[in-house]
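Please read these notes beside the sequence and the 3D view.

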Amino acid sequence: MKLDSIIRTYGHDVMESLKHCHDNGDVRRVLAGAGFDVSDDDVKDIVVVLDMLNGGLRELSLDELSQITGG
């Protein structure tokens with residue numbers, strides 16, 4: 001899942017809340033609180049993107065970075 005897909009699907013306000021999440025449970029609580037029912041796979045994908053946004057970008061290859069940014 002790409003960052004822009006998360007923002008389009010859940011909105012900017014939810015994305016701001018998701019930035020403070022650190023694990024699957026946190027992500028699920030934020031999304032459930034916003035009225036979204038998400039699959040386990042979607043939650044895992046979102047956590048991966050959040051981890052990368054919170055410092056994991058240094059470890060990405062150019063191909064991985066391109067996938068995340070959609071470029």
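1. Accessibility terms come first: a residue is buried under 20% relative accessible area, exposed over 50%, and partly exposed in between, with a 1.4 Å probe and protein chains only. By that rule Asp40 is exposed, at 51% relative accessibility.

2. On the source: this is a predicted model, in which local features need pLDDT of at least 70 and side-chain atom pairs count only at pLDDT 80 or more, while totals for chains, interfaces and linings use all residues. Residues are numbered from 1 along each chain as its sequence is written, and side-chain values use heavy atoms, with hydrogens and water left out.

3. Side chains of opposite charge can pair when their charged atoms come close. A salt bridge here is a side-chain nitrogen of Lys or Arg within 4 Å of a carboxyl oxygen of Asp or Glu. How many salt bridges does a search of the whole structure find? The search gives four, and three of them are described below, starting with Asp40 and Arg28.

4. In the bridge between Asp40 and Arg28, the closest N and O atoms are 2.4 Å apart. Asp40 belongs to helix H4 (residues 40-53) and Arg28 to helix H3 (residues 24-33), so the pair ties together parts twelve residues apart in sequence. Helices (H or I, at least four residues) and strands (E, at least two) are DSSP runs, numbered from the N terminus. Arg28 is partly exposed, with a relative accessible area of 29%.

5. A second bridge joins the side chains of Asp4 and Arg8, at 3.6 Å from N to O. Both residues lie in helix H1 (residues 3-10), four residues apart, which is about one turn of the helix. Is Arg8 buried or exposed? Arg8 counts as exposed at 63% relative accessibility, whereas Asp4 is partly exposed at 32%.

6. Glu16 and Lys19 also meet through their side chains in a salt bridge, at 3.1 Å from N to O. Glu16 is partly exposed, with a relative accessible area of 43%, and Lys19 is partly exposed as well, at 37%.

7. Turning to packing, H3 and H4 meet at an angle of about 110 degrees, with their axes 9 Å apart. Axes are lines fitted to C-alpha atoms, for helices over the stretch in contact, and angles run from 0 to 180 degrees between N-to-C directions. Angles under 35 degrees count as roughly parallel, over 145 as roughly antiparallel, 65 to 115 as roughly perpendicular and the rest as oblique. H3 and H4 are therefore roughly perpendicular.

8. H1 and H4 pack at about 120 degrees, with their axes 10 Å apart, and that makes H1 oblique to H4. Leu3, Ile6 and Tyr10 in H1 meet Asp42, Ile46, Val49 and Leu53 in H4.

9. Which residues does Leu53 touch, leaving aside its neighbours within four places in sequence? Leu53 is in contact with Leu3 and Met15. The C-alpha atoms of Leu53 and Leu3 are separated by 9.2 Å, although the two residues are 50 residues apart along the chain. Leu53, in helix H4, is partly exposed at 35% relative accessibility.

How values were computed. Contact = heavy atoms within 4.5 Å.
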